[in-house]
Amino acid sequence: MLLKTKSLKSIIDVRLLLVLLFVWALPSHSQEIIEDEVEEETQEVTQVDSTQTFQRVKVDGVAGVVGEYIVLQSDIDKTLIQMQAQGVNTKDITRCQIFGKLLEDKLYAHHAIQDSIEVSDAEIRRSVDYQLQQFLQQVNGNMDRLLEFYKKEDEESLKEEMFEINKSQMLAQRMQAKIIEEVEVTPEEVRQFFNKIPEEERPTFGTELKVSQIVVEPEVSAEEEQKVIEQLKGFKKDVLENGASFRSKVVLYTDDKASISTGGKYTLNRKQPRMVKEFRQVAFSLQEGEISDPFKTDFGYHIVYCEKIRGQEYDVSHILLIPKVSDEAVTEAREEITKVRQRIVDGDITFEAAARESSDEKETKFDGGKLINPETQDYNFELTRMDPELYGQIQDLKDGEVSQIIPESDRTGKVKFKLLTVNDRIDEHEANYARDFMKIKQMALNEKKIKAIEKWQEEKITDTYVKVTGEMRDCDYASNWLKK
């Protein structure tokens with residue numbers, strides 16, 4: 001009996017999940033062509049022992065081929081096991097769906113190579129190192145247990161396989177992004193999308209809030225800033241004039257604790273913004289072996305050492321020093337925001353005007369403190385999808401009420417104080433075109449992107465060498481993998 005696979009649209013949640021899980025769960029056989037005579041699911045190999053007894057051994061078979069990539073039967077099994085290990089409920093996910101997703105990934109990766117889409121080795125290695133650390137956390141840091149679980153002899157062989165898998169997956173993701181990068185929707189398309197949804201099927205949006213905040217940060221003294229600048233100048237001089245190790249300076253002094261293990265190293269690409277603007281500008285102005293003068297970002301003061309330039313990619317290391325804030329400055333900041341809160345509560349000033357006047361957060365200051373939802377790019381935060389920390393801070397606030405002073409510190413230890421208020425509350429409701437335009441627009445855009453991907457797949461499957469073998473030919477695919 002044929003196994004019916006769901007269409008791309010109907011399993012979009014499964015697709016998104018698998019994109020994350022497939023990053024390394026599947027062996028990648030890149031740049032490897034298989035001949036038609038090896039297409040059987042299994043081969044029977046005759047072995048002869050000392051008593052001349054013949055024994056049949058089942059060999060891993062090829063499930064399919066896409067361009068220069070092959071997919072083995074074991075790839076499907078390993079993916080299923082990995083998903084279950086990650087706690088995914090695989091009850092309703094069939095082998096056909098997993099295999100279809102695998103074929104899609106290989107199609108993307110194949111055409112990424114054809115279109116000269118590149119992924120740097122340094123980027124892949126960073127991904128591998130990060131994933132390996134995550135996997136080790138799951139087994140309490142026991143590398144032997146991890147190797148046993150994934151049937152690898154040593155850490156190097158595991159990393160090699162993860163490298164190829166990550167490379168294939170990154171190429172696939174870049175290809176997907178390229179397909180939909182120019183997809184947009186017009187207001188008329190959004191209207192047509194909404195009108196074609198039957199009233200009884202229109203989505204329901206949960207309770208939404210509009211939130212504003214005022215942030216006050218303790219000021220760093222000019223003397224402390226100059227002290228940090230002089231210290232960074234001393235590091236630079238010691239490296240250039242005395243041959244000191246830049247990496248050692250990083251390990252001993254940097255306040256960017258997350259980068260200590262890599263010696264403060266980052267790989268930057270001109271085409272892919274990653275660091276803050278000031279950091280990128282300085283890094284890309286350097287020649288190999290050059291060290292920058294101290295410069296300031298929102299994180300603190302840096303010096304950057306340019307280790308290697310490879311076309312558009314720069315390997316750089318940096319030292320970050322964060323000027324210390326005095327106890328007096330912290331006290332002054334708390335006193336200032338206390339006065340601001342009292343003025344709002346007394347009705348002397350509105351929350352919006354106080355934010356424009358007193359807030360130190362430039363991203364929200366000039367918009368009256370209004371927070372923008374990063375997912376929807378509007379001011380509405382759906383309660384059920386709100387960041388847990390933010391939800392915990394505003395859950396007991398009535399509309400228009402000002403929170404108590406909330407102290408916070410970021411990953412660098414920088415202290416700040418803030419006030420929050422709920423500007424507006426919209427109860428759970430059926431989708432409304434005018435009120436929920438941004439959400440409906442995103443839904444229309446997602447549908448158009450799906451259609452663009454489906455069209456691309458249909459065209460590329462026709463133009464690409466694709467072979468499906470054995471029992472996998474019994475699946476009923478949404479895409480024309482069987483080329484019927």
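This is a predicted model: local features need pLDDT of at least 70, side-chain atom pairs count only at pLDDT 80 or more; totals for chains, interfaces and linings use all residues.
1. The disulfide joins Cys96 and Cys475, with their sulfur atoms 1.8 Å apart. The link is left-handed, at -70 degrees about the S-S bond. Cys96 belongs to helix H3 (residues 95–114) and Cys475 to strand S17 (residues 475–476), so the bond ties together parts that are 379 residues apart in sequence.

2. Cysteine burial is worth a look too. Cys96 counts as buried at 2% relative accessibility, and Cys475 is buried as well, at 4%. Cys306 is also buried, with a relative accessible area of 0%.

3. Turning to the rings, the whole structure holds eight aromatic pairs. One of them is Phe99 with Tyr477: the ring centres are 6.2 Å apart and the planes meet at 55 degrees, so this pair is tilted. Phe99 sits in helix H3 and Tyr477 in the segment after S17, which puts the partners 378 residues apart. Both Phe99 and Tyr477 are buried.

4. Phe284 and Tyr314 make an edge-to-face pair, 4.9 Å centre to centre with 80 degrees between the planes. Phe284 is in the loop between helix H10 (277–283) and strand S9 (295–297), while Tyr314 is in strand S11 (residues 313–321), so parts 30 residues apart in sequence are tied together. Phe284 is buried at 13% relative accessible area, and Tyr314 is buried at 7%.

5. Ring pairs also link Phe194, Tyr433 and Phe437 into a cluster.

6. Finally, charges over rings: the charged end of Lys439 sits over the ring of Phe205, 5.6 Å from its centre. Lys365 lies over the face of Phe366, at 6.0 Å from the ring centre.

Notes:
Residues are numbered from 1 along each chain as its sequence is written. Side-chain values use heavy atoms; hydrogens and water are left out. A disulfide is a pair of cysteine sulfur atoms within 2.5 Å. Helices (H or I, at least four residues) and strands (E, at least two) are DSSP runs, numbered from the N terminus. Buried means under 20% relative accessible area, exposed over 50%, partly exposed in between (1.4 Å probe, protein chains only). Rings of Phe, Tyr and Trp (its six-membered ring) pair if their centres lie within 6.5 Å; planes under 30 degrees apart count as stacked, over 60 as edge-to-face and the rest as tilted. A charge sits over a ring if NZ of Lys or CZ of Arg is within 6 Å of the ring centre and within 35 degrees of the ring normal.
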